[in-house]
Protein chains: 2
Amino acid sequence: MDINAYMREVGSEARSASRLIAKADTGVKNKALIATAEAIDAAREELMAANAKDLESGRANGLDAALLDRLELTPARIDAMIKGLHQVAALPDPVGEITGLNYRPSGIQVGKMRVPLGVVGIIYESRPNVTVEAASLCLKSGNATILRGGSEAIHSNQAIAACIENGLKTAGLPASVVQVIKTTDRAAVGELITMPDYVDVIVPRGGKGLIERISREARVPVIKHLDGVCHVFIDRDADLNKALTIAVNSKTQRYGTCNTMETLLVDAPVAATILPQLAQAYAEKGVELRGCERTREILPQALSAVEADWSEEYLAPILAIKVVENLDEAIAHINHYGSHHTDAIVTESYSKGRRFLTEVDSSSVMINASTRFADGFEYGLGAEIGISTDKIHARGPVGLEGLTSQKYVVLGDGHIRQ
Amino acid sequence: MDINAYMREVGSEARSASRLIAKADTGVKNKALIATAEAIDAAREELMAANAKDLESGRANGLDAALLDRLELTPARIDAMIKGLHQVAALPDPVGEITGLNYRPSGIQVGKMRVPLGVVGIIYESRPNVTVEAASLCLKSGNATILRGGSEAIHSNQAIAACIENGLKTAGLPASVVQVIKTTDRAAVGELITMPDYVDVIVPRGGKGLIERISREARVPVIKHLDGVCHVFIDRDADLNKALTIAVNSKTQRYGTCNTMETLLVDAPVAATILPQLAQAYAEKGVELRGCERTREILPQALSAVEADWSEEYLAPILAIKVVENLDEAIAHINHYGSHHTDAIVTESYSKGRRFLTEVDSSSVMINASTRFADGFEYGLGAEIGISTDKIHARGPVGLEGLTSQKYVVLGDGHIRQ
């Protein structure tokens, strides 16, 4: 197979399809989403059979248990895909919204119209339900999509692709609106991220290694975050009960997510009071603590943190703890060691809360709330294609709006420039 | 001089300065802008003397008349720089605006806060007034700036840099908030566009060659447009008086600007009526016409257009004209040959105007208005750092808002995720 020729064919078809889907009525797009849900419901057996093939080769190839778990399509996960499609269909259509249409002194009216980005490339690993999630968000936002899943999920993804194709067909849309790459050849990824004529943006979902490689080699914009080194800072003016609850929830509600706290910062004057209580709560959950020297004076049972701990995303029951001199040191630490993902302060001080919101340079900044809230559903976006820690285009959880752009519209009545 | 070390030093200082300027009060930023205006007014003689040096070496190096004209600082151009600084000081500060702060079912409040991008790199040619324009917009939007002007303007730019430094000092801000590169070594550009640790975005202003090179080699996002192949489409339902006025103004109000019409599309049923009138108007202005075969049946005096004419940005009194079968062909032509900059339809038809707005994939789309309106001042942005034809981040004229991003803010009262 000539991968370059195949991918350019896919890209060219996606570009053509993007013109069609960009102007498709909301009703047509919703029809395609609902019909896809129905096709998936009708194809449960085929999906499970295709998935069984992937699981079998996965086991034969020695995939670890976590990967196999993510790869598996259970009846409950199929239910969730169907539900997700109905949810996206129910979201408001972002395309075509005109805002700020005002008269200018020249007499023209100028406003902005929300428009699709064009062609979105999605690169992801193992979880086959991403195929449906990503395709549905791109479709609703009027984009054509090229999906490149992991080779370990190829049968599952192709079976899901058939359902999406059915859904598109029912709504009178061409299959090229959502294309799932048919080859497992890794060269396809290299092509996909270097076709600026055909692809407007890449959204990678997966491990840090994959995303770093894509960011380095891409010739098109990438919406991404590399990791989530999230902080909670317990200020001296914190309500210590809120601090305790938030610090425990931010770390232990789930360990493997990017919005989980990885480093706890504690203001010096309250360290001796709160750290022992926290240590007890963490001990009950089995969280390993790695502290700075001042932390270890209070908690001798903590391991000694090394420099690398301050920028580590553990994704595990491990927590780094540092006692800081004041808010200034906390902010400086977060901006230096953090990953600009999500950081929270616990304080009752108006002035310090205000400073934290302004000065912490992260995609989500919080006062008195758990970092675990940082996601598209909790923020009310309805769904999420990913989280961006970049500043260009989209920052924080990215929903339908992040998959669109805005163009200027000008309405005149024969107006010319003097 | 070790350019790599010098540029990394500049970058590192800009990154530190960006933290300071990001949290600076609006009053402080305005004070720096006004004090810079005063410093420029007080330094008129020094500016003219420095500029005279540049002009002298420019002449010695055989720069053409157009370049020398752009390079020259006249008393009127110095007045304009001063006026521009006062205008930017008077614009609303975009930083810190919180929008959409709403309660979520969990009890948290979620909104978006507008924040600076960080460090903006500006690369430009000849016109020294860009130094002040760009620096003032970046300063007002809370960004640190690294400016890299053309080597032919080095003395003028350094003299202006001294005035900006004075202005920053008066407001108590460090000089590193606005740094003008001191070397004319071309390697400095290569470094500036490949320091993602220190630079958040590059805005190149200049010829297509410069911008293409920067886009190809940059390792940071670039806000840009390559060229402006703008169209006016005269629909069969146009008011022919409006069509005449708009088609003449779009081409002839200024020839060298990116929003000037380069190709005129005429709907077949009205071609025989309107083209002779237009040809007469263009002849009076000395505009050379290059037409398709159908155009030349009506206007035998027109030269024969070749394929390359449809994607040419003449920036000169030359116009390509094509007769098209209908609106579909016009839209397809614009999306295929255009540069996604600015395109207008002249029509009285509601349905066709609506379709044109939706389906033309350009950063500005217009009904019954001259393409020459596409700029930041005419759109009410107050000023313009450039125009973007990309879809990511900013599209169309880019003002203060385009130099900012939005982060999520979450306000809780001890809320945790269940």
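Biologist: Which strand of chain B do 5 bridges join to strand β16 of chain A?

Modeller: The model is predicted. In it, β16 of chain A spans residues 404-415, and A:H415 has B:A369 as its bridge partner. The two joined strands run parallel, and the partner strand in chain B is β13(B).

Biologist: How many residues of chain B are in contact with chain A?

Modeller: The two chains bury about 5,700 Å² between them, with 53% of that area on carbon and sulfur atoms. B:I392, B:Y408 and B:R417 supply 15% of the area that chain B buries against chain A, more than any other three residues. On the side of chain A, 68 residues take part, and the number in chain B is 68.

Biologist: Which element gives the largest share of the side of chain B that touches chain A?

Modeller: Across this interface the rule finds 51 residue pairs in polar contact, both residues being at pLDDT 80 or more. The elements of chain B that give two or more residues to the touching side include β2 (109-116), α10 (240-252), β13 (364-369) and β16 (404-415). By kind, the residues on that side divide into 26 nonpolar, 23 polar and 19 charged. The largest share, 11 residues, comes from β16(B).

Biologist: How many salt bridges does the rule find across the interface of chain B and chain A?

Modeller: Side chains of opposite charge can pair when their charged atoms come close. A search of the whole structure finds 58 salt bridges over all chains. Across the interface of chain B and chain A, the number found is 12.

Biologist: Why does the pair of B:D361 and A:R19 join two chains?

Modeller: The side chains of B:D361 and A:R19 meet in a salt bridge, at 3.1 Å from N to O. B:D361 lies in the loop between α14 and β13 of chain B, whereas A:R19 lies in helix α1 (residues 3-22) of chain A, so the pair joins chain B and chain A.

Biologist: What is the radius of gyration of chain A?

Modeller: Chain A holds 14 helices and 16 strands. The globule rule gives 22 Å for 418 residues, and the value for chain A is close to this, so the chain is as compact as a globular protein of that length. Its C-alpha atoms fill a box of roughly 70 × 65 × 35 Å along the principal axes. The radius of gyration of chain A is 24 Å.

Biologist: Which residue takes a positive phi in the hairpin of β1(A) and β2(A)?

Modeller: Strand β1 (residues 98-103) and strand β2 (residues 109-116) of chain A run antiparallel and are joined by 4 bridges. A:Y103 stands opposite A:Q109 in β2(A). The hairpin has 5 residues between the strands, and the residue with a positive phi, near 105°, is A:G107.

Terms used: Residues are numbered from 1 along each chain as its sequence is written. Chains are lettered from A and ligands numbered from 1 in the order in which they are written. Side-chain values use heavy atoms; hydrogens and water are left out. Contact means heavy atoms within 4.5 Å. Buried area is the accessible area (1.4 Å probe) that two parts lose on being put together, summed over both. A salt bridge is a side-chain nitrogen of Lys or Arg within 4 Å of a carboxyl oxygen of Asp or Glu. A polar contact is a pair of N or O atoms within 3.5 Å; within protein, one must be able to donate a hydrogen and the other to accept it, and residues adjacent in sequence count only if both atoms are side-chain atoms. Ala, Val, Leu, Ile, Met, Phe, Trp, Tyr, Cys and Pro count as nonpolar, Asp, Glu, Lys and Arg as charged, and the others, Gly among them, as polar. Two strands pair if DSSP finds at least two bridges between them. The radius of gyration is taken over C-alpha atoms; the globule rule is 2.2 Å times the number of residues to the power 0.38.
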